[in-house]
Amino acid sequence: METREIKHHPLREAIAGIVGSKYVADEDFVLVTYSRDISAFAASMPGIAVRPGSTEEVSEIVKLANRTGYPIVIKGGGQGGSGVTKGEPTRHIMLDTGRLDKVDVDVVNLKVTCGGGVRNSRIDDALRPYGYMANTVIGPYYTATIGGVVGGIAGGGFGKNVASVGCNWSHVLGLKVVLPTGDVITTGAGPDTNIYRKGIEFREVTSPDLTSLFISSGGALGIITEVAMKIYPIPKYSKAVSYVADTMENTWNIQLKLSEASPVPYTNMIMFQMVNFMVARMSGDMRGYGALFFAVDGDSEEDVDRRIKEIGKVCSEFGAQKGTPAMNHYAATGTTGTADFVHNICSMACPFMTWESLCPRSESIEYTKGLLDLFKGFEDNAKYHTAAGLYSLPISNVMLTGITLHWDDTIPGVEEHLRKVWKAGADYMLKHGTFSAYAQGNHSILASTAWSPTYYKIMSGIKKTLDPNNILNPGLWNL
Amino acid sequence: MLEKYKKAVTVCSRCGMCIVGENGYICPVQQHSGGFDSSVARGRNQIARAILEGQLKYSNELMESTFTCLGCNNCHEQCQRMDMQTGARGIIDEAKITQALRVDLVRAGYGPPDALKAVDANIQKFHNPFGEPEKKRSAWAVGLDLPKTGDTVYFAGCYASYRNPKIAKATVAILKKGGINVAYLGEDEWCCGVPELWDGNASLAEELIQHNVNALKAAGVKRVVTSCAGCFHSLKTDYPEIIGKLPFEVVHSSEVIADLIEKDKISLDTEIAKTLTYHDPCHLGRHENVYESPRNVLKAIKGAEFVEMPRNKGNAWCCGGGSVVAVAFPDLAKDIADDRVQEAKGTQAEAIVSACPLCENGLTPAARKAKMEVHDLSEIVAKAMGIQI
C-alpha cells in the first residue's frame, strides 16, 4: 500500500463552513467524476466540488470565490454535449446544483417554482397528482436539470408542446439568480421588480426583461437557483401515430406542410432518420428515409381523431406509410412526458455529440444535406465506428435539425477523431448563419467567434459589469 | 480484476440515468451521502475508467467510497445503454464492477473497512460472519430429523441459522407439509460466500463456494432451496460464474411455496386479517427477476389485503443492508431502511413482508419506530398454514 500525503484545496475548510463538510470534496476520485460531460471533448479537472443546498449557500460560495480568486464552474445534470467549461483546471470550484431540488406547486396561480438542480422529470412527478404538467424538455427528461436547460440551451429548451406553445423561454415566469458577485436577484414579476411581491408571479414586468438575459447564458452571468414556470393541465386525450417517408424531400415536405397549419394538428413531433439504431429496431421490415413520430393531445377524442386524420392526409399526400405498432408505442410513450423522447433514442445506443441547430425553413433541407455530406467525407468514420443520425422538428418559424454523432468509445483515438469531425460541422454551421442550440462549453466558445464586434462589446460589457472578477465560468462565450 | 470490465466502464455514456428515473431518485447511497457523482454508477464507472487508464491512484478515501455501494442494482435496472451491435441491454453491470474494484483495492492493500476485517476473520475461522461456533449452525434443526442427503436440500444460510432460526424452521415445515422430503447439510453448510464476494476477498469466497458445491454434490442433491435472497443469488448466479456449471438447480423458497399453492398441495386458510406490503429484496428481484412468486403467495393468504409500495419490483428501494454496507456503514444502512419503512407506512400497510432474512433484519429497527411489523415470507406463510414455530 502506497501512503500519500493528502493535499486539500485551500478553500475546503471555508466551503465546508458554508455547506457542511458532507457536501464538499476535493479527493481526486470525486473530482474525476466532474471532469467530463457526455461528449468526446477533453476533460478538465476541478480543484474542489461542492453541493450547496440553498440559494444562500450558493451566494456565500460565490462571495468566497470573489474574495479568494478561485473561479466557479457550474454543473447541473451533466448531460451537456459541449464539453465541460474549462475553468482553471485543478483549481476551480465545481458547483453541483443537484441539491437545489425543491419543487413548490401553486395550482391556484398556475405555476411551479423549482430549484435549479431539479431534474425535469421530477417537476412533472410533483405536478402529476394535481393533474398538471410543465413544458421543460422533450429530452433529456430524466437527466438534465431545469437550471441547466433554461441556462444552457437556446430558448431555454424545447418542451413537449413546443409545436403549439413554443420554446421554454415563453413558459418561464422568472428566475432567482445568484449573480457573479454573490448578490441574489429575482427576475420577472418578482420581489426585485416590486418590493411588495413575495414570489415570482408572472413574466411581464415594469422593467426590462432581465429573465431573457439569463436564459441560454450558459451560466456566464449568474447561477440560476430557482425557476418559476407556468403549468398546464395534462391533456384529457392523447394518441400517437407514426409514419415512414421514402425520401428526404418527402420527409421534409411533410414536416413543413404540417407545421404551417393553424392550429398545428400535433402537440409534438420528431423525425428520426431510419438509419438510427433504435428506429431500425422499431420499424421492422419497413424501408424509407425518415420516421415521423407524432403525439396528439386534445380535450375530446373526436378532436384528437380529427387531428390524427389531418396528419395522415398530409403524410399520404407525400407517399408516407403508417409506422409499426412499436413505432406508435414509442411515439406515445416518448411524447407524453412519461418517457424521455430524445434520451431513449440517442443515449441507449452510445454517447453522442450533436450538430443541432435552428435553421430558416426555406434553406433547411439544403443546409442539412450539406452537413450530412460533410460527415460522409471523413474517411476514418468506419475505422472509429462513427455514425451520424439525423433528427428534425419544426419549431415556430424555423426547423430544428440535429445530427447526432455516435461512436465506439472503446476504440483508441476515437475521441480525437470525433472532435475533428465535430469542429468541421461546427464551422459549417457558423458559416451558414446558424449554430448549435447549446449555450455551453466548446459550443459557446465557437458561437461567440461569429459575434459582430458591436455585439461582443455589449456582451463583454455586461459580463464585466456583472462579473468584475471574472469568477463565473470564465472563458464561456470567450468572455 | 477490474480489467475484466474495461469495456463496460468505457462505454458508459455518463448520461445520468442512474441518478433519476421514472420513480424519482435511484441511488440510496447518493441520497444519504454528500450525493457527489462518485456515489452513483456513472461516477463509479468514470473512477474505474480513470484507474484502468492510469489517471487515478488508489487511496483509503476511494476504498471507503467504493465500499458504500449497496450492489442493489437499481442503477443497472435503469441504465438504457445498449450494445450497438446486438441491441442487448444491461451491458454495464455495476454490481460486478464494484465487486471487482473492491477486490483490486484489497489486493493493493486498501481495505476492507475495519468492520469487515472482523467478518473476514470470522468466516475464515468459523465459516459464518458472526463468529458463532460451527456447531451452533444446525441448532435450529434439532428434533426435525432432517436427512443429510436427498434430492432437495434446504440451504438455510447464516442469518436464518444464527440470527433468525424461525425462518429456517418455518421454511422446512412448509416444504414438508407440501410433501417435499427436504434434506439439510447441517454443519457442512458454510457461509454462501456473499460477504466475501463483497469484501474484496475473492480467494476466500472461492474456497467457501467450492466447499458448498462439494458438500451439495456429496448429498446427491438435484435441487437446492434457500429462503435467503443473498444465498439464492450467490448459489444461482455467482457460483456458476466462478466455478462453472452446477449439477443441481437452485430455487428460492418463495418460488417453491407459490408452486405448492398453485398445485393445491398447501393452503393458507388460517386467517391473517392484516394489510401487507411486500419489500423486494434486491438479490431476489433485480438480480434474479423473481417478482411474482412472493406476491402470489401473499395474495393467497386468507383475510390478508395486499398493497404495493410506490417503488416496487424493478424500482424497489433497497433495505440498506446490501453488499455488507450494514456492517461497514451501519448509520448509512439505517437511514436507507428508514426511507423504505416510511414508504411502506405510506401505503397504510400494517406489516412489511420480505423474502430475505437480511432485509428483515435491516428493516426491523426502523419498522419498530414506525410501529410496523416486519415478517419473512416463510414465517407469515407458516402462520397462515396454522403451523406453530
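This is a predicted model: local features need pLDDT of at least 70, side-chain atom pairs count only at pLDDT 80 or more; totals for chains, interfaces and linings use all residues.

Student: What radius of gyration would a compact globule with 389 residues have, and what does chain B have?

Tutor: The rule gives a value near 21 Å for 389 residues, and chain B has 20 Å, so chain B agrees with the rule. Along the principal axes, the C-alpha trace of chain B spans about 60 × 45 × 45 Å. For chain A, the C-alpha atoms fill a box of roughly 65 × 60 × 50 Å.

Student: How many helices and strands does chain B have?

Tutor: Chain B has 18 helices and 10 strands, while chain A comes to 16 helices and 18 strands. Both kinds of element are DSSP runs numbered from the N terminus: helices are H or I with at least four residues, strands are E with at least two.

Student: How many residues of each chain are in contact across the A and B interface?

Tutor: 34 residues of chain B are in contact with 40 residues of chain A. A contact means that the C-beta atoms of two residues, placed from the backbone, lie within 7 Å. On the chain B side, two or more residues come from each of helix 1 (6-11), strand 1 (20-21), helix 3 (41-52) and helix 4 (60-66). Helix 3 of chain B gives the most, with 4 residues. By class, that side of chain B has 14 nonpolar, 15 polar and 5 charged residues. Here Ala, Val, Leu, Ile, Met, Phe, Trp, Tyr, Cys and Pro count as nonpolar, Asp, Glu, Lys and Arg as charged, and the others, Gly among them, as polar.

Student: What makes helix 3 of chain B oblique to helix 6 of chain B?

Tutor: Helix 3 and helix 6 (residues 94-107) of chain B pack at an angle of about 40°, with their axes 11 Å apart. That angle makes helix 3 of chain B oblique to helix 6 of chain B. The cut-offs are under 35 degrees for roughly parallel, over 145 for roughly antiparallel, 65 to 115 for roughly perpendicular, and oblique for the rest. The axes are lines fitted to C-alpha atoms, for helices over the stretch in contact, and angles run from 0 to 180 degrees between N-to-C directions.

Student: Which residues meet where these two helices pack?

Tutor: From helix 3 of chain B come B:Ala41, B:Arg44, B:Asn45 and B:Ala48, and they meet B:Glu94, B:Ile97, B:Thr98 and B:Leu101 in helix 6 of chain B. By class, this contact has 4 nonpolar, 2 polar and 2 charged residues.

Student: How is chain B divided into domains?

Tutor: Chain B has domain 1 (2-107), domain 2 (124-258) and domain 3 (266-384), with bounds that come from an automatic or database domain assignment. The C-alpha centres of domain 2 and domain 3 of chain B lie 21 Å apart. Their contact takes 29 residues from domain 2 of chain B and 25 residues from domain 3 of chain B. Helix 9 (165-177) of chain B gives the most to the domain 2 side, with 7 residues.

Student: What is the peptide bond from A:Ser262 to A:Pro263, cis or trans?

Tutor: That bond is cis, with omega near -5°. A:Pro263 sits in the loop between helix 8 (248-260) and strand 13 (268-273) of chain A. In chain B, a cis peptide bond joins B:Gly111 and B:Pro112, with omega about 5°.

Student: What is the phi of B:Arg14, positive or negative?

Tutor: B:Arg14 has a positive phi of about 60°, although it is not a glycine. B:Arg14 is in the loop between helix 1 and strand 1 of chain B. Most residues other than glycine have a negative phi, and most peptide bonds are trans.

Note on methods
Residues are numbered from 1 along each chain as its sequence is written. Chains are lettered from A and ligands numbered from 1 in the order in which they are written. The radius of gyration is taken over C-alpha atoms; the globule rule is 2.2 Å times the number of residues to the power 0.38.
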